[in-house]
Amino acid sequence: MILITRTLSSPLRGKLHPPGDKSISHRAVILASLAEGESRITGLLGAEDVKATANACRQVGAHIRTSDGVTMVQGTGQTGLQQPSRALDMGNSGTAMRLLAGVLSAQPFDSVLIGDESLSRRPMRRIIEPLTHMGAKIEATPAGTAPLRIQGNPALQGIDYHLPVASAQIKSCLLLAGLYAKGSTCVSESQQSRDHTEKMLPVFGVPLESPCCVQGGSKLTAANVRVPADISSAAFFLVAAAMIPGSELLLCDVGVNTTRDGILRVLHAMGADVRIRNRRLFGQEPVADIRVRYSKGLKGVDIPACWVPSLIDELPAIMVLAVTASGTTRIRGAAELRVKESDRLAVMSTGLACLGVRVNEIEDGIDIMGGATQGGEVDGAPPLLPYPTLHVEAAGHDYQPVEGGDAHAHRQGAPVGDTRDQDLGPAEVEKVVGGEDHDMDHGRDQGPHPQRLVEPGQRLRLDQLAEELRADQQTPDGGRGEQGEGGNP
Ligand code: S3P
């Protein structure tokens with residue numbers, strides 16, 4: 001793996017629209033594919049994971065096309081899916097595999113779900129067991145992993161199921177299977193996992209009987225979906241801006257669903273200068289604009305198990321921020337991080353230790369001792385989520401470039417959005433989660449501060465950032481597009 005560096009000669013300043021929410025994008029494509037009629041989706045994430053879902057939906061009969069940031073999906077209707085002619089490749093996406101397994105278990109045809117090497121190591125018994133109780137027939141490897149050979153059974157029975165781990169993927173898998181089952185399917189959980197499926201089903205005409213209960217045989221009708229920007233992508237910018245002196249970013253249209261907003265609570269608890277404004281709904285999903293500034297004097301925090309589901313994907317970024325905070329940050333109840341695309345606890349703990357950070361990794365969490373770090377090399381970690389996180393960490397320190405790069409991911413000296421006076425006045429600004437209102441200029445350091453950003457394979461994201469910042473400078477409205485991140489899945 002080659003680490004590519006880009007030198008940031010200024011703080012991060014500007015306004016951007018992070019890419020579309022991945023979880024919501026998967027669900028929008030799947031529900032639209034099952035619906036009667038043509039659905040319109042804007043802001044869909046154009047990443048490989050969502051492409052895997054879209055390609056699988058095409059293989060079972062949906063028509064999906066994207067142009068100018070708008071995705072049109074002609075659904076098959078719930079009972080109109082067709083047998084795929086070959087295995088459905090879910091690539092790297094656990095969400096694609098688990099959610100589609102729920103749908104495919106209930107079909108009058110067989111199917112095979114495959115994935116890449118990482119996905120083929122991830123646990124699938126967590127969906128196979130409850131689906132089997134519903135009457136599904138699924139064969140996996142002896143280790144309970146993909147490939148999944150699904151012998152479709154259109155006569156599934158509804159189930160009452162209590163999740164053994166907080167997992168929106170298991171919950172959504174069962175709710176989707178439940179749409180086809182006899183009777184009702186109800187899922188309960190001791191810790192609330194993300195609820196995008198529950199929020200989106202009514203948009204497609206399927207009311208939930210209780211918070212997490214569907215009636216078999218409910219029909220989906222086409223709908224319009226506007227996908228919020230992904231708080232998981234925003235997390236990297238929130239962290240980078242909070243730790244790089246002089247930074248100020250405005251992140252627009254970010255999903256702030258309460259089952260996903262744990263990072264905002266953590267930032268607030270650490271003392272970061274983060275504010276949200278302009279709260280509104282995209283369909284049933286809450287969104288807001290988030291303004292973050294460089295924040296001096298961050299404090300380490302305890303992140304208890306009950307917070308984890310609401311920030312599970314943001315934990316690597318939070319671990320990086322913890323490095324710059326004073327005191328220890330303790331994360332507990334995060335064993336699920338070990339069964340993501342990589343073992344994110346191990347990758348982060350090894351990577352941070354390589355950078356001279358004092359860490360203590362335990363089975364379900366990590367302690368990170370904040371303070372100064374020294375430069376170092378991170379080697380051999382998988383090219384998955386923790387990598388950009390470690391780059392952000394590098395951004396706060398003066399790392400030597402591994403390979404030369406230009407400095408286009410910044411916008412020197414520009415104010416954060418020309419609308420700031422109008423939109424970010426004290427009356428409109430809301431503190432993230434409780435707490436007293438901060439002095440707007442608290443902890444700012446506007447002096448020049450050279451930074452280096454280590455960037456392995458994240459060229460697209462940084463280029464996108466640069467594009468958005470440039471567009472922001474050029475357009476009269478401060479660059480705020482309708483839906484900036486249409487994909488082409
Ligand atoms: C997701 C749920 C979470 C999350 C994953 C996406 C989803 O996984 O980590 O990135 O879209 O439902 P679990 O449901 O396994 O916790």
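This is a predicted model: local features need pLDDT of at least 70, side-chain atom pairs count only at pLDDT 80 or more; totals for chains, interfaces and linings use all residues.
## Ground rules

Residues are numbered from 1 along each chain as its sequence is written.

## Around the ligand

The residues surrounding the ligand include Ser-23, Arg-27, Ser-167, Gln-169 and Asp-313 (a residue is near if one of its heavy atoms lies within 4 Å). Domain 1 (13-19 + 229-471) and domain 2 (22-226) each give at least three residues to this shell; the bounds come from an automatic or database domain assignment.

An oxygen atom of the ligand is 2.7 Å from a side-chain N or O atom of Ser-23. For the side chain of Ser-167, the distance is 3.0 Å. Gln-169 uses a backbone N or O atom, 2.9 Å from a ligand oxygen. The protein buries 92% of the 380 Å² that the ligand exposes alone (Shrake-Rupley method, 1.4 Å probe).

## Strand 20

Strand 20 (residues 365-369) is largely enclosed by the rest of the structure, because four of its five residues are buried (under 20% relative accessible area, 1.4 Å probe, protein chains only). Strands are DSSP runs of E, at least two residues, numbered from the N terminus.

Strand 18 (residues 328-331) runs antiparallel to strand 20, with four bridges; strands pair if DSSP finds at least two bridges between them. Thr-329 partners Ile-368. Strand 19 (residues 358-362) is also antiparallel to strand 20, with five bridges. There, Asn-360 stands opposite Asp-367.

Notes:
Side-chain values use heavy atoms; hydrogens and water are left out. A polar contact is a pair of N or O atoms within 3.5 Å; within protein, one must be able to donate a hydrogen and the other to accept it, and residues adjacent in sequence count only if both atoms are side-chain atoms. Buried means under 20% relative accessible area, exposed over 50%, partly exposed in between (1.4 Å probe, protein chains only).
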